[in-house]
Each structure stands twice: as structure tokens, then as C-alpha cells.
Amino acid sequence: MARTFPKATDASSGTPTRSEDRGGECIAIIGGGPTGTYMLDALSRVDGVRTITVFESGPVPGPGLPFAEHLNDPHALANIAGLEIPPLVETLNDWARRQPPERLEAWGIAGKEGDERAFFPRIVLGAWLADAFAGIVAHSPIPIAVHAGCDVVDVVAMPGTSRVDWRTGNDRIHSAQFDRVIIATGYGATGSGADDARERTGQGCASAVKGRAHVRLGILGSSLSAIDAIVAIAMANGTFAHEETGPGLVYTPTRNWHATMMSRNGLLPEADFWLPVPLPPLLHLTDEAAARLVQRRDGDLDRMFALFAEELGVQDPGYAAKVGLDSATADDFAARYLRERLASDPWDYARRNLLETREWHRRRNTPAWRVAILKAHEVFASIVPKLSEADLARFQSGLKRVFTDNYAAVPDLSIARLLALRAAGAIDLVALGEDYRITPEGQREWRVSRDEWSARFDALIDARGQQAAPLDSFPFPTLRLQLCASALHHGRDWNGGLSPSPDLTVPGIDPAWHRVHLCALPFLLRDRPFIQGLVECAAMARDVAQAVDQSIRLRESDPSTLALLEMLDKTAVTLADGAVIALEIENYHTQAEGALLADDANRPPNQ
């Protein structure tokens, strides 16, 4: 079983404070979910980190909201297989092999625990994350303090230090200062955001039909989040069973209910397709080529699309001819990519696609264009933060849809369940388009309408997934004010969320920002649209750990200069004659860290 951590009840719980003269750094991680767990793992291996303190609002660190057992329906499947998940202490499948048979049976994965391509329920990943977190704490060479079941109420960034204020179960507020703070709050850190996130979980959705003889549900969304909601409702009000003959999976309701899925295009996600791991490298669309092309001005998106089209034409000439790639643009390729699905009945297409992808798995072969697009999204992810506002808006409405759709293929069992529900008459699917209206009717009813279509629902569930969050909804008031002031200084729209540097710090007007890493996913989605998922959690942890390591070594190599820089809280000084000298603190850090990397590259082995 996973180790559970006691709630912090008072300030004597062993929280390490900033290091001062003791050497090394004391680091706070706010959020003990998947992002915080990968962060803890990476930082526990960095020389020079003195102590780490983790603050987690939930009862058990590790799972967070996405994989928590008390929030997720047992049948909700994760859409990532074991071989794709970066390991923590051990791989997911190695961990599963060690679990007692009765536990595997209860999870429904008995006999599949060693299958690296199997999709496990979310709660299984949650149990693995909880065990991994406990294992990291138990074996870390660095002292780790864990505050579970507490709420961080504020973070204050200051030059050279940051203060964290948190509330424990007895409503007492405690404070401590740290050399560095990492915000890894995930989705719904505190307040209404957490409540909204919990309502979207499987168990929250299933409660919508309790105590009603008949219910008509509206589900906003048709991707995996919507499928999870519908499957949770279906499990609470009926049963799925496999038949040896006929359609295979069938659904029998025990209560009269019906759900309507509604999305902009009325499309269902495609079933997961077989892919080689790791993905093969692309020939032309590489990170190096992208870095040469992108000039941080209008037109970058067109130059990138030309390279993308060249790559796709080489990888799969047949597909290139099918979609007319030679005349395609960055703005219309999404329509060409979706043309066949938009022209088909979504349920007929889902049936064909399910059979097709199952055959690809059997043959261990997938059309080259799908694999190429999947790999291409990694390259595009690196340049999206560098796009101009005009190009970013074009990307969001065009190519992003292609990459997101191709990446977000769901477990084939999820599609099979939808088809079984459709055959039982329990669900349908509606395309809302861009112009639709949602209006309340009475105390508990809703009406959704567009054009000549309209429907009334007894309950309306928003399962559209996480949306980009604006800065003015950041959960910690003082840090929110500081972030908004920095955005105002740089002329950035608050609705754009965060636009951090590669090390997840915000280039700001205050050197304190070099010690605050912002890994709060909802606030990163505008400039980093593919940042969701365990792979990205691990990548952020690596980037932050590398930055911490470089900063510590920089301080040790030139402590007096760095100490002076970190005392400065202005971007310029004014001399007696009125001359203004800009302090390029950010450039100093960048150049100094670059020098350290170059020094590492030239250093002989074992030194």
C-alpha cells in the first residue's frame, strides 16, 4: 500500500527554512501531484540542494486530482501506456508486477500488469505515483519534509528569498522562508478552481443521476474527459458485458437515462494507434532546422508549415497526395486533415477506425503520416512560445487542432464503450458550431441551442477539459499581484497566462523571479499548448533541476557578484548626472550559466 503522510498541524513539523549561512538551497514545492512528484525526484539528485519541503492539499501526495482514488471512477482509463511514462523509482509496469494478485484483480488489470502497451485505470497510476512519492522521500539523500492535507494561502517572492504561508487543519497560518519556490499546483490548486476540477471527475459526474427515475444529461465536450464522464454515469446506472458473438461489448441500463455529447465539430476522438517507441527522428523538421527558421516575427508559422509539409511529403507521399498537401497552408491544413471525419457519420467512422487501429496494433504498423505528425508536434512545441501574436492566433485555430487530435487518441476500450452505449440508445452526439447558447431554465435545468436545434437537460456537465487560465485567477494573492505587475510592465495581456523562460521562471523586473519556478499547468497553456501529461511533467522537472544546479554552481563559482545581483530590486540605476544605466540581470544569468555549460563540456571525464 502507498505510504500516507500525516497532516501538518503546527510550525514545529520540521519545515526547513532558507539556508542562510548553512550552505546549499532550501526549496519549497507547492503541489504534490504528478508535477510535484517528478520535481521532487529530479531535485533530490541535485548536489547543493540542502532540504526540500512539499506542500500538498490532498491527503496523499503523488496522484493529484487527475489520478486520485477518491475522485476518479475505477473504470476511467488513463490515455498513456506504461512504456511512454517516464519512470519514478521504477517503471509503472515493474511496479505493477510487484502488486498482490487481489489488488490487480480489483483494478481489472490481472494478466496485463506486464503489458507495457496496456492502458491502466487512472487510479492505478495514482497508486503508482503515491508509492513513488513515498519511495523518493524514504531514499532521498536530501532531507524532505512533507505537509499533506494543508492549503498554501500565499507566496511572496523577494530578492534572495521567498515566503510561503500555509493553513493547517486547525486553521492556523504558518510561514517559512525558502531560497527557491516551485509552483507545481496542477489543475485547481485552491478555492473554486479545485471544486470545478473535482466536479469533472468520474465520481462527481456519476452523482448527477442519483435519486432520479429518469434523467437527460448534457455533456459539453466529446474528448476523453467527456468519455470518462459518460462511462462513469453508465457504470452507475447499468452494466457492460462482453458477448462472444455480435458486437462484442454490450451495455444494459438499469435506469432510464440519456446523454447528449456536444462539441464544436461533433467529432469523436480516434482510437489509440500503435506507434514505435521511441518515435523515429524526422529527416527535415528537426529542432535545429526550426531554430534556424524562426525569427520571432510574422511569417514564422508559414516557414514552419512549409518545412512540415516537406517532411510529411517525404514520410508518406500517398497521404500528401490525398490531402492535397502541395496546395495546403498553415490555415487550411486542419480542414484537410479532418475532411474525411467531418464528411462521415461520427458513429460509422468510429466503428471503422476502431477496427482499423486494432489491426494496426496486431500488425505493429501504423501509417507513416500519423507517426510523423506525432513527432512533429514535439518540434512545434519548442517554437510556439516564440511566435508573434498574429502567428500564435493562427496556430491556435489551425495546426494546434491537428497536433492535439492526433496526440489525444484514446484507449480502444473507451471507443468500444461509446459504441455500446450508442447501440443501447443511451447517447448521441451533436455539433454545436461556434455560435450556441446555454441558458438556465428553472433551478436545475438547462437549455442548449444553436440554429434550429435546441434541447433541455436535467443536468449539464462541462467536460471540455482544461482551458488556459488568466493571470488574475492565480491562486496566491501576493504572487498574483506580482505576476500581474510584471505582465503589465511587459505589455502582456493578463488573459494570456504565463510566458516563462525555458527554466519556468518569468523574465521580470525583479531578480526575485529567478528563484520562483512557475509550473502551474493551466497558466502555461497559451504558449505551451502541449504541456499536459506525465511526459511533460517529467520534462519540466528536468528543466527546473538543471536550472537549480546551474544556479548553485554559479553562486559557488562567483558568490560575491551573484550576491550583489540578487540584492538589486531594480532594473536600472540613476547616476548623479541623471544618466540611467540598465541592469541586464537576466542577460547576466543567461551568459553566466552558458559559460558554466561550456566549462562542463570542456571538462575532462570524472572531474
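Predicted model: local features only at pLDDT ≥ 70, side-chain atom pairs only at ≥ 80, totals over all residues.

Residues are numbered from 1 along each chain as its sequence is written, and side-chain values use heavy atoms, with hydrogens and water left out.

**Helix packing**

Helices (H or I, at least four residues) and strands (E, at least two) are DSSP runs, numbered from the N terminus. Axes are lines fitted to C-alpha atoms, for helices over the stretch in contact, and angles run from 0 to 180 degrees between N-to-C directions. The two packed pairs are set side by side here.

| Helix pair | Angle | Axis separation |
|---|---|---|
| α11 (residues 333-342) and α15 (residues 399-407) | about 45° | 7 Å |
| α9 (residues 300-315) and α13 (residues 368-383) | about 155° | 10 Å |

Angles under 35 degrees count as roughly parallel, over 145 as roughly antiparallel, 65 to 115 as roughly perpendicular and the rest as oblique. The angle of about 155° between α9 and α13 therefore makes α9 roughly antiparallel to α13. The contact, meaning heavy atoms within 4.5 Å, involves L301, M304, F305, F308, L312 and Q315 of α9 together with A368, W369, A372, I373, A376, V379, F380 and I383 of α13.

The helices α11 and α15, by contrast, are oblique to each other. On the α11 side the contact residues are F333, A334, Y337, L338 and R341, and they meet L399, R401, V402, D405 and N406 in α15. This contact has six nonpolar, one polar and three charged residues.

**Cavities and a pocket**

Rolling a probe the size of a water molecule over the atoms shows where empty space is left. On a 1 Å grid over the protein atoms alone, a cavity is a set of points where a 1.4 Å probe fits but cannot get out, and a pocket is an open set with protein on both sides within 12 Å along at least five of seven lines; lining residues have an atom within 4 Å of a point. Grid points are joined across faces, edges and corners, and a volume is the space filled by probe spheres set on the points.

The whole structure holds three cavities of 30 Å³ or more. The largest cavity has a volume of about 60 Å³, and its lining includes R117, D272, W274 and H361. The second largest cavity, with about 40 Å³ of space, is lined by L267, L268, R341, P346 and Y349.

**Backbone details**

The peptide bond from V277 to P278 is cis, with omega near 0°, and P278 sits in the loop between β11 (256-263) and α8 (287-293). D451, a residue other than glycine, has a positive phi near 50°, and its place is in the loop between β14 (445-450) and β15 (453-457).

Methods. Nonpolar A, V, L, I, M, F, W, Y, C, P; charged D, E, K, R; others polar.
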